[in-house]
Amino acid sequence: MDSHIVLLPGDGIGPEVVQAGQEVLETVAKIFGHRFTFETRLIGGAALDASGQPLPPDTLAACRNGGAILLGAVGGPRWDNPSARVRPEQGLLAIRRELGLFANLRPVKVFDELRSCSPLRPELLQGVDLLIVRELTGGAYFGKPQGTERSEQGERAVDTMAYTDHEVRRIVRLACEIAQRRRGKLCSIDKANVLESSRLWRRIAIQTAADFPGVALEHALVDSAAMRLVSQPASFDVIVTENLFGDILSDEAAVLSGALGLLPSASLGAKGPGLFEPVHGSAPDIAGRGIANPVGTILSVAMLLEYGLDLVSEARAVESAVKRVFQSGLRTADLKAANAVTTKAMTRAVTAALDELH
Ligand code: IPM
Ligand code: MG
(Lines give C-alpha, C1' and ligand atoms only; values in the text may rest on other atoms or scores of the structure.)
(Ligands and ions follow the chains in the order given, each with its own letter.)
Protein backbone atom coordinates (compact mmCIF):
# COMPACT_ATOMS: atom_id res chain seq x y z
CA MET A 1 0.00 0.00 0.00
CA ASP A 2 0.97 3.65 -0.39
CA SER A 3 0.97 5.82 2.70
CA HIS A 4 2.21 9.26 3.60
CA ILE A 5 3.62 9.49 7.11
CA VAL A 6 4.18 12.78 8.92
CA LEU A 7 7.18 12.80 11.28
CA LEU A 8 7.14 15.20 14.23
CA PRO A 9 10.49 14.68 16.01
CA GLY A 10 9.97 17.52 18.52
CA ASP A 11 12.53 18.11 21.26
CA GLY A 12 15.23 16.40 23.31
CA ILE A 13 15.64 12.76 22.31
CA GLY A 14 12.60 13.06 20.00
CA PRO A 15 14.67 13.41 16.78
CA GLU A 16 16.87 10.41 17.67
CA VAL A 17 13.99 8.04 18.36
CA VAL A 18 11.87 9.23 15.43
CA GLN A 19 14.83 8.56 13.16
CA ALA A 20 14.82 5.00 14.54
CA GLY A 21 11.09 4.73 13.88
CA GLN A 22 11.51 5.89 10.29
CA GLU A 23 14.22 3.28 9.68
CA VAL A 24 11.92 0.54 10.94
CA LEU A 25 9.09 1.81 8.70
CA GLU A 26 11.44 1.83 5.71
CA THR A 27 12.47 -1.75 6.45
CA VAL A 28 8.82 -2.83 6.76
CA ALA A 29 8.02 -1.12 3.43
CA LYS A 30 10.91 -2.92 1.74
CA ILE A 31 10.05 -6.36 3.14
CA PHE A 32 6.28 -6.21 2.65
CA GLY A 33 6.27 -4.26 -0.61
CA HIS A 34 4.67 -1.00 0.57
CA ARG A 35 5.51 2.55 -0.41
CA PHE A 36 5.78 4.93 2.53
CA THR A 37 6.63 8.57 1.94
CA PHE A 38 7.75 10.85 4.77
CA GLU A 39 7.49 14.51 5.62
CA THR A 40 9.10 16.09 8.69
CA ARG A 41 7.54 19.06 10.53
CA LEU A 42 8.20 21.07 13.68
CA ILE A 43 6.30 20.82 16.95
CA GLY A 44 6.93 21.81 20.58
CA GLY A 45 9.99 23.79 21.65
CA ALA A 46 11.67 23.41 18.26
CA ALA A 47 8.62 25.00 16.63
CA LEU A 48 8.47 27.72 19.30
CA ASP A 49 12.08 28.68 18.56
CA ALA A 50 11.49 28.74 14.81
CA SER A 51 8.09 30.41 14.63
CA GLY A 52 6.90 31.44 18.08
CA GLN A 53 4.13 28.80 17.99
CA PRO A 54 4.25 25.28 19.46
CA LEU A 55 1.99 23.92 16.69
CA PRO A 56 2.55 26.00 13.54
CA PRO A 57 -0.27 26.00 10.95
CA ASP A 58 1.85 24.19 8.33
CA THR A 59 2.51 21.35 10.78
CA LEU A 60 -1.19 20.98 11.50
CA ALA A 61 -2.06 21.10 7.78
CA ALA A 62 0.53 18.42 7.00
CA CYS A 63 -0.85 16.23 9.80
CA ARG A 64 -4.41 16.55 8.52
CA ASN A 65 -3.25 15.34 5.09
CA GLY A 66 -1.11 12.48 6.35
CA GLY A 67 -2.03 8.81 6.60
CA ALA A 68 -0.49 8.61 10.08
CA ILE A 69 1.70 10.72 12.37
CA LEU A 70 4.78 9.60 14.29
CA LEU A 71 5.81 11.94 17.10
CA GLY A 72 8.92 11.92 19.31
CA ALA A 73 8.55 14.12 22.38
CA VAL A 74 8.07 17.77 23.28
CA GLY A 75 9.42 20.04 26.01
CA GLY A 76 12.65 20.64 27.88
CA PRO A 77 14.27 22.86 30.50
CA ARG A 78 14.93 25.60 27.96
CA TRP A 79 11.22 26.34 27.72
CA ASP A 80 10.30 25.46 31.31
CA ASN A 81 9.78 28.96 32.68
CA PRO A 82 6.46 28.64 34.54
CA SER A 83 5.51 32.22 33.70
CA ALA A 84 6.03 31.74 29.94
CA ARG A 85 2.93 32.51 27.90
CA VAL A 86 3.41 29.61 25.50
CA ARG A 87 4.88 26.22 26.31
CA PRO A 88 5.99 23.33 24.06
CA GLU A 89 3.40 21.02 25.66
CA GLN A 90 0.66 23.23 24.23
CA GLY A 91 1.66 21.93 20.81
CA LEU A 92 0.82 18.40 21.87
CA LEU A 93 -2.45 19.41 23.50
CA ALA A 94 -3.40 21.45 20.41
CA ILE A 95 -2.76 18.61 17.99
CA ARG A 96 -4.84 16.23 20.12
CA ARG A 97 -7.68 18.73 20.19
CA GLU A 98 -7.47 19.82 16.53
CA LEU A 99 -7.41 16.27 15.20
CA GLY A 100 -10.07 15.07 17.67
CA LEU A 101 -7.78 12.37 19.08
CA PHE A 102 -10.00 11.42 21.99
CA ALA A 103 -8.65 7.93 22.64
CA ASN A 104 -5.15 7.24 23.89
CA LEU A 105 -4.14 3.58 23.96
CA ARG A 106 -1.20 2.70 26.20
CA PRO A 107 -0.43 -1.02 26.35
CA VAL A 108 1.83 -2.33 29.09
CA LYS A 109 3.39 -5.75 28.61
CA VAL A 110 6.34 -7.24 30.40
CA PHE A 111 9.03 -8.84 28.28
CA ASP A 112 10.11 -11.96 30.19
CA GLU A 113 13.72 -11.13 29.38
CA LEU A 114 13.40 -7.74 31.10
CA ARG A 115 11.61 -8.75 34.30
CA SER A 116 14.68 -8.01 36.38
CA CYS A 117 14.64 -4.36 35.19
CA SER A 118 11.47 -3.63 37.15
CA PRO A 119 11.76 -2.69 40.83
CA LEU A 120 8.79 -5.01 41.50
CA ARG A 121 9.26 -8.63 42.50
CA PRO A 122 9.38 -10.83 39.36
CA GLU A 123 6.51 -13.06 40.55
CA LEU A 124 4.18 -10.03 40.66
CA LEU A 125 4.91 -9.40 36.99
CA GLN A 126 3.91 -12.87 35.87
CA GLY A 127 1.19 -12.53 33.23
CA VAL A 128 1.04 -8.72 33.16
CA ASP A 129 -0.60 -7.63 29.90
CA LEU A 130 -2.80 -4.60 30.29
CA LEU A 131 -4.04 -1.74 28.15
CA ILE A 132 -4.84 1.71 29.46
CA VAL A 133 -7.47 3.51 27.39
CA ARG A 134 -7.09 7.13 28.42
CA GLU A 135 -9.63 9.79 27.42
CA LEU A 136 -7.50 12.47 25.77
CA THR A 137 -9.50 15.55 24.80
CA GLY A 138 -11.62 16.26 27.89
CA GLY A 139 -11.33 16.68 31.64
CA ALA A 140 -9.08 19.13 33.45
CA TYR A 141 -6.73 19.47 30.47
CA PHE A 142 -9.32 21.28 28.39
CA GLY A 143 -12.22 22.27 30.74
CA LYS A 144 -13.25 25.90 30.95
CA PRO A 145 -12.84 28.11 32.92
CA GLN A 146 -9.09 27.79 33.17
CA GLY A 147 -6.78 30.59 34.23
CA THR A 148 -5.29 32.70 36.97
CA GLU A 149 -6.83 35.84 38.38
CA ARG A 150 -5.31 38.45 40.64
CA SER A 151 -7.23 40.30 43.29
CA GLU A 152 -6.42 42.26 46.42
CA GLN A 153 -6.36 38.99 48.39
CA GLY A 154 -3.75 37.50 46.09
CA GLU A 155 -3.86 35.11 43.15
CA ARG A 156 -6.33 32.36 42.38
CA ALA A 157 -5.90 29.69 39.72
CA VAL A 158 -8.63 27.44 38.39
CA ASP A 159 -8.88 24.33 36.22
CA THR A 160 -12.17 22.66 35.41
CA MET A 161 -12.72 18.92 35.16
CA ALA A 162 -15.74 18.59 32.89
CA TYR A 163 -17.17 15.70 30.88
CA THR A 164 -20.25 15.31 28.69
CA ASP A 165 -22.14 12.03 28.39
CA HIS A 166 -21.09 11.89 24.73
CA GLU A 167 -17.39 12.11 25.61
CA VAL A 168 -17.70 9.33 28.18
CA ARG A 169 -19.82 7.10 25.94
CA ARG A 170 -17.47 7.13 22.95
CA ILE A 171 -14.35 6.30 24.96
CA VAL A 172 -16.07 3.58 27.01
CA ARG A 173 -17.53 2.09 23.84
CA LEU A 174 -14.09 1.91 22.27
CA ALA A 175 -12.67 0.34 25.44
CA CYS A 176 -15.48 -2.28 25.38
CA GLU A 177 -14.75 -3.12 21.73
CA ILE A 178 -11.09 -3.60 22.55
CA ALA A 179 -11.83 -5.63 25.70
CA GLN A 180 -14.03 -7.92 23.61
CA ARG A 181 -11.04 -8.76 21.42
CA ARG A 182 -8.82 -9.34 24.50
CA ARG A 183 -9.72 -11.13 27.76
CA GLY A 184 -13.13 -9.44 28.13
CA LYS A 185 -12.34 -7.57 31.35
CA LEU A 186 -12.86 -3.82 31.64
CA CYS A 187 -12.01 -1.74 34.71
CA SER A 188 -13.38 1.80 34.67
CA ILE A 189 -11.41 4.05 37.00
CA ASP A 190 -12.92 7.18 38.52
CA LYS A 191 -13.29 9.13 41.77
CA ALA A 192 -17.07 8.79 42.04
CA ASN A 193 -17.01 9.12 45.84
CA VAL A 194 -15.94 12.76 45.45
CA LEU A 195 -16.26 14.11 41.91
CA GLU A 196 -19.48 14.90 40.06
CA SER A 197 -17.80 14.30 36.68
CA SER A 198 -16.84 10.82 37.94
CA ARG A 199 -20.43 10.04 38.91
CA LEU A 200 -21.56 10.86 35.37
CA TRP A 201 -18.61 8.80 34.07
CA ARG A 202 -19.69 5.78 36.11
CA ARG A 203 -23.36 5.99 35.10
CA ILE A 204 -22.54 6.25 31.41
CA ALA A 205 -19.94 3.47 31.69
CA ILE A 206 -22.60 1.12 33.09
CA GLN A 207 -25.09 2.06 30.35
CA THR A 208 -22.52 1.70 27.59
CA ALA A 209 -21.07 -1.61 28.74
CA ALA A 210 -24.60 -3.08 28.89
CA ASP A 211 -24.41 -3.34 25.07
CA PHE A 212 -21.39 -5.64 25.41
CA PRO A 213 -22.53 -8.84 27.15
CA GLY A 214 -19.12 -10.41 26.62
CA VAL A 215 -17.39 -7.68 28.63
CA ALA A 216 -17.23 -7.86 32.44
CA LEU A 217 -17.22 -4.27 33.73
CA GLU A 218 -15.89 -3.36 37.16
CA HIS A 219 -15.33 0.05 38.73
CA ALA A 220 -12.39 1.15 40.84
CA LEU A 221 -11.60 4.40 42.61
CA VAL A 222 -8.42 5.96 41.31
CA ASP A 223 -6.57 5.92 44.63
CA SER A 224 -7.08 2.21 45.27
CA ALA A 225 -6.57 1.42 41.58
CA ALA A 226 -3.18 3.11 41.79
CA MET A 227 -2.27 0.75 44.61
CA ARG A 228 -3.62 -2.33 42.83
CA LEU A 229 -1.63 -1.44 39.72
CA VAL A 230 1.59 -2.23 41.57
CA SER A 231 0.30 -4.84 44.04
CA GLN A 232 -1.76 -7.01 41.61
CA PRO A 233 -0.95 -5.74 38.13
CA ALA A 234 -1.88 -9.02 36.43
CA SER A 235 -5.48 -8.57 37.61
CA PHE A 236 -6.07 -5.90 34.93
CA ASP A 237 -6.97 -6.41 31.28
CA VAL A 238 -8.37 -3.15 29.85
CA ILE A 239 -8.53 0.02 31.94
CA VAL A 240 -10.62 3.00 30.83
CA THR A 241 -10.27 6.34 32.57
CA GLU A 242 -10.41 10.10 32.20
CA ASN A 243 -7.57 12.27 30.96
CA LEU A 244 -5.65 13.27 34.12
CA PHE A 245 -6.09 9.93 35.92
CA GLY A 246 -4.91 8.20 32.75
CA ASP A 247 -1.84 10.44 32.55
CA ILE A 248 -0.81 9.57 36.10
CA LEU A 249 -1.69 5.86 36.01
CA SER A 250 0.09 5.26 32.71
CA ASP A 251 3.42 6.53 34.08
CA GLU A 252 2.86 4.38 37.16
CA ALA A 253 2.11 1.35 34.98
CA ALA A 254 5.33 1.95 33.05
CA VAL A 255 7.25 0.83 36.13
CA LEU A 256 5.89 -2.68 35.52
CA SER A 257 7.64 -2.98 32.18
CA GLY A 258 10.97 -1.97 33.67
CA ALA A 259 11.51 1.28 31.80
CA LEU A 260 9.41 4.14 30.51
CA GLY A 261 11.47 4.02 27.32
CA LEU A 262 9.82 0.76 26.26
CA LEU A 263 6.24 1.90 26.08
CA PRO A 264 4.30 2.90 22.97
CA SER A 265 1.03 4.74 22.54
CA ALA A 266 -1.60 5.47 19.94
CA SER A 267 -3.96 8.44 19.92
CA LEU A 268 -7.01 7.90 17.75
CA GLY A 269 -10.02 9.94 16.67
CA ALA A 270 -13.32 9.03 15.06
CA LYS A 271 -11.78 9.68 11.64
CA GLY A 272 -8.58 11.06 10.14
CA PRO A 273 -4.99 10.11 10.88
CA GLY A 274 -3.92 8.69 14.22
CA LEU A 275 -0.92 9.95 16.16
CA PHE A 276 1.65 7.48 17.46
CA GLU A 277 4.28 8.33 20.04
CA PRO A 278 6.38 6.77 22.79
CA VAL A 279 5.03 7.37 26.29
CA HIS A 280 8.37 8.78 27.48
CA GLY A 281 9.22 12.47 27.37
CA SER A 282 12.06 14.42 25.80
CA ALA A 283 14.69 13.22 28.36
CA PRO A 284 16.84 16.38 28.09
CA ASP A 285 19.54 14.84 30.31
CA ILE A 286 20.51 12.34 27.60
CA ALA A 287 19.43 14.25 24.47
CA GLY A 288 21.94 14.25 21.63
CA ARG A 289 24.09 11.50 23.12
CA GLY A 290 22.72 8.70 20.95
CA ILE A 291 21.88 6.46 23.91
CA ALA A 292 18.08 6.83 24.12
CA ASN A 293 16.01 3.67 24.04
CA PRO A 294 14.26 3.59 20.63
CA VAL A 295 11.96 0.68 21.56
CA GLY A 296 9.06 2.87 22.77
CA THR A 297 9.05 4.51 19.34
CA ILE A 298 9.57 1.25 17.46
CA LEU A 299 6.61 -0.31 19.26
CA SER A 300 4.66 2.88 18.46
CA VAL A 301 5.49 2.16 14.83
CA ALA A 302 3.91 -1.27 15.34
CA MET A 303 0.77 0.47 16.66
CA LEU A 304 0.90 2.87 13.68
CA LEU A 305 0.96 -0.11 11.33
CA GLU A 306 -1.89 -1.88 13.15
CA TYR A 307 -4.26 0.92 14.14
CA GLY A 308 -3.23 3.60 11.64
CA LEU A 309 -2.73 1.62 8.43
CA ASP A 310 -4.50 -1.67 9.22
CA LEU A 311 -1.31 -3.64 8.51
CA VAL A 312 -1.62 -6.23 11.25
CA SER A 313 0.97 -8.79 10.08
CA GLU A 314 3.49 -6.00 9.66
CA ALA A 315 2.78 -4.82 13.22
CA ARG A 316 3.26 -8.34 14.61
CA ALA A 317 6.53 -8.64 12.67
CA VAL A 318 7.92 -5.49 14.30
CA GLU A 319 6.92 -6.74 17.76
CA SER A 320 8.54 -10.13 17.12
CA ALA A 321 11.72 -8.42 15.93
CA VAL A 322 11.91 -6.39 19.16
CA LYS A 323 11.37 -9.51 21.24
CA ARG A 324 14.09 -11.33 19.35
CA VAL A 325 16.54 -8.49 19.97
CA PHE A 326 15.86 -8.60 23.71
CA GLN A 327 16.29 -12.38 23.64
CA SER A 328 19.67 -11.89 22.03
CA GLY A 329 20.68 -9.87 25.09
CA LEU A 330 20.95 -6.42 23.56
CA ARG A 331 20.05 -3.59 25.96
CA THR A 332 20.08 0.20 25.95
CA ALA A 333 21.45 2.11 28.95
CA ASP A 334 18.06 2.58 30.65
CA LEU A 335 17.73 -1.22 31.06
CA LYS A 336 20.42 -1.61 33.70
CA ALA A 337 22.86 -3.13 31.24
CA ALA A 338 26.60 -3.40 31.77
CA ASN A 339 27.31 -3.34 28.01
CA ALA A 340 24.62 -0.94 26.88
CA VAL A 341 24.33 -0.29 23.15
CA THR A 342 23.46 2.95 21.35
CA THR A 343 20.13 3.99 19.87
CA LYS A 344 21.49 3.28 16.40
CA ALA A 345 22.81 -0.19 17.29
CA MET A 346 19.51 -1.15 18.87
CA THR A 347 17.61 0.06 15.81
CA ARG A 348 19.92 -1.76 13.44
CA ALA A 349 19.41 -4.94 15.43
CA VAL A 350 15.62 -4.58 15.10
CA THR A 351 15.76 -3.97 11.34
CA ALA A 352 18.17 -6.90 10.95
CA ALA A 353 15.80 -9.13 12.95
CA LEU A 354 12.93 -8.01 10.67
CA ASP A 355 14.98 -8.93 7.64
CA GLU A 356 15.80 -12.32 9.12
CA LEU A 357 12.24 -13.11 10.11
CA HIS A 358 11.11 -12.65 6.49
C1 IPM B 1 1.65 12.45 28.21
C2 IPM B 1 2.38 13.68 28.67
C3 IPM B 1 1.55 14.90 28.28
C4 IPM B 1 0.23 14.80 29.01
C5 IPM B 1 2.24 16.26 28.54
C6 IPM B 1 3.60 16.33 27.90
C7 IPM B 1 1.37 17.39 28.12
O8 IPM B 1 2.64 13.62 30.02
O9 IPM B 1 1.40 12.33 26.99
O10 IPM B 1 1.34 11.61 29.05
O11 IPM B 1 0.13 15.20 30.17
O12 IPM B 1 -0.73 14.32 28.41
MG1 MG C 1 2.13 11.78 30.93
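This is a predicted model: local features need pLDDT of at least 70, side-chain atom pairs count only at pLDDT 80 or more; totals for chains, interfaces and linings use all residues.
Local features here require pLDDT of at least 70 and side-chain atom pairs count only at pLDDT 80 or more, while totals for chains, interfaces and linings use all residues. Residues are numbered from 1 along each chain as its sequence is written, chains are lettered from A and ligands numbered from 1 in the order in which they are written, and side-chain values use heavy atoms, with hydrogens and water left out.

Let me start with the domains. Domain 1 covers 1-105 + 282-358, and domain 2 covers 119-257; such bounds come from an automatic or database domain assignment. Their C-alpha centres are 25 Å apart. Eight residues of domain 1 and 13 residues of domain 2 take part in the contact, where contact means heavy atoms within 4.5 Å.

How much area is buried between domain 1 and domain 2? The value is about 1,100 Å², and carbon and sulfur atoms give 70% of it. Buried area is the accessible area, taken with a 1.4 Å probe, that two parts lose on being put together, summed over both.

Between the two domains there are zero salt bridges. A salt bridge is a side-chain nitrogen of Lys or Arg within 4 Å of a carboxyl oxygen of Asp or Glu. Two residue pairs are, however, in polar contact across this interface, both at pLDDT 80 or more. A polar contact is a pair of N or O atoms within 3.5 Å; within protein, one must be able to donate a hydrogen and the other to accept it, and residues adjacent in sequence count only if both atoms are side-chain atoms.

I turn now to ligand 1. Which residues surround ligand 1? They are Glu89, Arg96, Arg106, Arg134, Tyr141 and Asp247, each with a heavy atom within 4 Å of the ligand. An N or O atom in the side chain of Arg96 is 2.8 Å from an oxygen atom of ligand 1, and for Arg134 the distance is 2.8 Å. For Tyr141, a polar side-chain atom lies 2.6 Å from a ligand oxygen.

The structure as a whole holds 28 salt bridges. One of them joins the side chains of Asp355 and Lys30, at 3.4 Å from N to O.

Finally, the backbone. The peptide bond from Lys144 to Pro145 is cis, with omega near 0°. Asp310, a residue other than glycine, has a positive phi, near 60°.
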